[in-house]
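Look at the sequence and the model first, then read the points below.

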Amino acid sequence: MSFVIKVGLASCGLAAGAGEVYDAIVKHVKNNKIDVDVKKTACIGMCFAEPLVEILAEDRKSIIYGNVTPDNIAEIIDAYDKGTPVEENIILSNKLKGSENKTFKKQTRIVLRNCGIIDPVSIDDYLGNRGYQALEKALKKMSREDIIQEIKNSGLRGRGGAGFPTGLKWQFAYSSKSEKKYIICNADEGDPGAFMDRSVLEGDPHNVIEGMIIGAYAIGADEGYLYCRAEYPLAIKHLKIAIQQATEKGYLGKNILGSDFNFELHIKEGAGAFVCGEETALMASIEGKRGMPSIRPPFPAQSGLWGKPTNINNVETLANITWIILNGAKEYSKYGTEKSKGTKVFALAGKIKNSGLIEVPMGMPLREVIYDVGGGMKTDKPFKGVQLGGPSGGCLSAEMLDTIVDYDSINKTGAIMGSGGMVVMDTSSCMVDIAKFFLNFTQNESCGKCTFCRVGTKRMLEILIRISEGNGKMEDLDKLEELADNIIKGSLCGLGQTAPNPVLTTLKYFKEEYIAHIKDKKCPAGVCKALIKFEIIEDKCVGCTVCAMKCPVKCISGERKQVHKIDQDLCIKCGACYDACKFDAIIKG
Amino acid sequence: MKFKTEIDITINKFIGKKGALIPLLQNVQDIEGYLSKELMSYVSNKTGTKLAHIYGVATFYTMFRLKPKGKHIIRVCKGTACHVSGANSIMDKLNILLELSDDEDTTKDWKFTVIPVACLGCCSLSPVIMIDDNTYGKLTPDSLGKILKKY
């Protein structure tokens with residue numbers, strides 16, 4: 001019996017060892033002469049169970065196996081072949097009832113429709129899934145105005161974070177009179193904790209490229225740039241292959257599909273600067289300068305790259321375009337809420353069971369995203385907060401979990417939708433520490449142009465460090481809010497305007513934790529090192545020496561079978577002894 | 001400069017192209033390992049770009065190094081997911097294993113250079129480090145020793 005085996009070979013799969021699994025499969029089927037087609041695909045989104053392998057046969061249902069290793073793959077294949085699949089590695093199969101695979105059932109996959117399904121570097125696979133049909137329709141059956149109107153009608157808003165209506169943005173660039181125009185895809189996904197764009201580019205690069213070609217045609221651009229961060233080598237590799245394939249087939253280059261439309265696409269690798277996610281900074285970077293934002297107006301639609309009208313869209317925004325053109329604005333706008341249409345891709349990470357990449361219709365409450373799609377908490381510690389939107393976003397507490405996923409509802413909480421990073425935290429995370437973490441990031445990444453962003457974030461960080469070391473004063477909390485207000489008002493670009501958000505939201509939803517650091521000199525989560533101390537309880541210590549062996553700075557002394565002691569002056573408070581002790585003889589206080 | 005011929009070939013590839021400075025610097029850095037003062041002056045003379053402009057770009061982006069680096073690069077992810085999963089203790093342990101003090105990033109034998117990075121995008125495998133092109137996930141401080149031994 002013949003069947004197909006697909007191996008997920010995106011960055012996270014490879015990091016988990018999918019490459020070795022792929023080799024083991026090829027070897028096993030060859031040695032045993034099994035009639036099977038082994039295919040490479042990318043991220044299907046269930047990163048928590050990587051490496052993932054899917055087995056499908058025409059006459060039987062498909063099964064996705066997780067946590068596959070080179071050692072157990074042979075057994076999995078042979079068992080499937082015999083019709084008695086290995087149960088323990090099954091992550092998803094059509095046999096399972098709906099309640100058991102909410103992870104998939106509650107998702108609507110538009111952007112990710114091909115991810116993990118097709119081989120990303122095979123243009124034939126893409127063509128087999130209605131690839132480049134949207135471009136054909138747009139070029140042959142629609143006028144430029146029709147396309148822009150269709151995107152406007154769909155209600156699609158920019159997925160990079162700010163949520164500006166995409167159709168309107170295209171309209172501005174279209175209306176700008178110029179011989180030369182540019183379109184740019186912003187793939188400089190710099191938010192720590194976010195990997196949506198990486199997965200889309202690795203898993204379905206043609207979809208993004210096709211969206212870009214349609215956009216270029218609509219606004220009248222003949223040249224485009226894909227600005228991708230250099231930390232994503234696999235995404236860049238797939239894009240390069242896809243561009244070459246599309247050029248060979250005549251979807252890129254001169255006289256595309258026999259029309260008079262020409263379009264040339266370049267890849268530009270970022271060099272590592274978070275601020276380059278801001279569009280004016282991104283263009284400065286493409287021009288080979290320091291990536292510093294400039295004053296708007298003029299907006300890029302009037303004067304952008306090298307002074308020419310330019311339209312910039314994010315990866316996920318562009319990945320929606322082909323679906324909208326193929327299925328119509330009306331069908332697209334069935335998903336979502338009144339002002340936020342369609343779906344949103346989120347990268348679930350942190351202390352959540354099913355971490356990975358998901359796509360849900362707008363309007364789903366956060367609770368459903370985290371507990372149903374994400375499977376709830378990973379540890380037995382309770383939910384404490386969820387961080388949305390990276391360094392520009394905010395932390396929401398459990399009371400806010402009924403907030404629905406749409407631009408306006410999330411903005412009201414003080415967080416932002418952002419690009420889609422969602423980091424779930426349990427009670428082992430300290431919110432003062434999280435605020436400090438993000439401010440340290442924005443403070444480092446501030447380009448230094450605006451004084452409030454450059455100096456203000458530094459002052460805020462100093463206050464947070466002071467609080468986390470137990471030297472804070474209650475007035476500091478007012479000072480933080482005052483500085484935040486000034487930074488928001490006094491910064492030119494989104495980086496500065498949103499940099500205080502993590503501090504403001506943690507102050508709003510977790511104020512008691514700040515007060516505990518200031519008044520009681522305690523870190524309730526046990527994270528801030530200056531406020532915690534590890535001690536050995538004499539009655540419980542059996543002298544097993546495990547803690548002393550684990551201690552990286554050798555500050556625990558004591559003979560075997562004697563009570564041990566921690567030298568507090570040398571202790572770096574890493575907690576290795578605390579985690580290692582099997583007798584609960586070490587306390588953190 | 002050790003690799004003058006390669007560097008000349010690379011520079012010539014980019015001369016006359018608009019917006020070429022960043023990819024040019026990325027390419028010559030790949031050859032020499034870092035951007036020395038000598039190398040930046042050389043690029044400036046060859047391309048007619050002001051040295052101040054080159055230095056400005058080189059110091060703005062995190063990918064450019066102005067100091068020599070070790071044989072292997074260890075990137076320690078400091079992203080949000082890794083942070084909440086214990087990236088700090090991974091960093092502490094690495095510094096101990098490699099005997100690095102706070103202001104050092106390269107081992108005395110020039111074998112490893114440790115660089116903290118904002119996010120490697122493998123959040124579901126947190127905490128994560130990347131040694132050259134290989135990613136290691138779901139780390140604990142204890143698992144580091146074994147990984148370093150491979151290099």
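From the N terminus on, the elements of chain B follow the order α-α-α-α-β-α-α-β-β-β-α. Helices (H or I, at least four residues) and strands (E, at least two) are DSSP runs, numbered from the N terminus. The model is predicted, and local features need pLDDT of at least 70, side-chain atom pairs count only at pLDDT 80 or more, while totals for chains, interfaces and linings use all residues. Residues are numbered from 1 along each chain as its sequence is written, and chains are lettered from A and ligands numbered from 1 in the order in which they are written.

**Chain B as a whole**

- Chain B has 7 helices and 4 strands.
- The C-alpha trace of chain B spans about 50 × 30 × 25 Å along its principal axes.
- Chain B has 151 residues, of which 38% count as buried. A residue is buried if 20 or more other C-beta atoms lie within 10 Å of its own, exposed if 12 or fewer, and partly exposed in between, with C-beta atoms placed from the backbone.
- Among contacts in chain B between residues at least 6 apart in sequence, 62% join residues at least 24 apart. Two residues are in contact if their C-beta atoms, placed from the backbone, lie within 7 Å.

**One residue of chain B: B:Trp110**

- B:Trp110 sits in the loop between helix H6 (87–97) and strand S2 (112–117) of chain B.
- Is B:Trp110 buried or exposed? B:Trp110 has 12 C-beta neighbours inside 10 Å, so B:Trp110 counts as exposed.
- Leaving aside neighbours within four places in sequence, B:Trp110 is in contact with B:Gly70 and B:Lys71.
- B:Gly70 is 40 residues from B:Trp110 in sequence, and the two are 4.3 Å apart in space, C-alpha to C-alpha.

**Where the two chains meet**

- On chain A, 44 residues are in contact with 35 residues of chain B.
- Helix H1 (11–15), helix H12 (279–286), strand S10 (343–350), strand S14 (421–426) and helix H17 (431–445) of chain A each give two or more residues to the side that touches chain B.
- H1(A) gives the most to this side, with 4 residues.
- The residues of the side of chain A that touches chain B divide into 24 nonpolar, 13 polar and 7 charged. Ala, Val, Leu, Ile, Met, Phe, Trp, Tyr, Cys and Pro count as nonpolar, Asp, Glu, Lys and Arg as charged, and the others, Gly among them, as polar.

**The parallel sheet of chain A**

- An open sheet of 4 strands has the order S8-S7-S6-S9 (chain A), with parallel pairing. Two strands pair if DSSP finds at least two bridges between them.
- Strand S8 (264–269) and strand S9 (310–314) of chain A are at the edges with a single partner strand each, so one side of each is left without a neighbour in the sheet.
- From one strand to the next, the twist averages 20°. Axes are lines fitted to C-alpha atoms, for helices over the stretch in contact, and angles run from 0 to 180 degrees between N-to-C directions.
- Strand S7 (residues 223–228) of chain A runs parallel to S8(A) and is joined to it by 6 bridges. A:Tyr227 has A:Lys268 in S8(A) as its bridge partner.
- Helix H10 (residues 205–219) of chain A lies across strand S6 (182–187), S7, S8 and S9 of chain A, at about 150° to S6(A).

**The mixed sheet of chain A**

- In chain A, 5 strands form an open sheet in the order S11-S10-S14-S12-S13, and the pairing is mixed.
- Strand S11 (356–361) and strand S13 (394–397) of chain A are the edge strands, and each pairs on one side only.
- Strand S12 (residues 383–388) of chain A pairs with S14(A) in the antiparallel sense over 5 bridges. The bridge partner of A:Phe383 in S14(A) is A:Asp426.

**Two packed helices of chain A**

- The axes of H17(A) and helix H21 (residues 501–509) of chain A come within 8 Å and cross at roughly 165°.
- H17(A) and H21(A) are therefore roughly antiparallel to each other (angles under 35 degrees count as roughly parallel, over 145 as roughly antiparallel, 65 to 115 as roughly perpendicular and the rest as oblique).
- The residues of this contact between H17(A) and H21(A) divide into 7 nonpolar, 1 polar and no charged.
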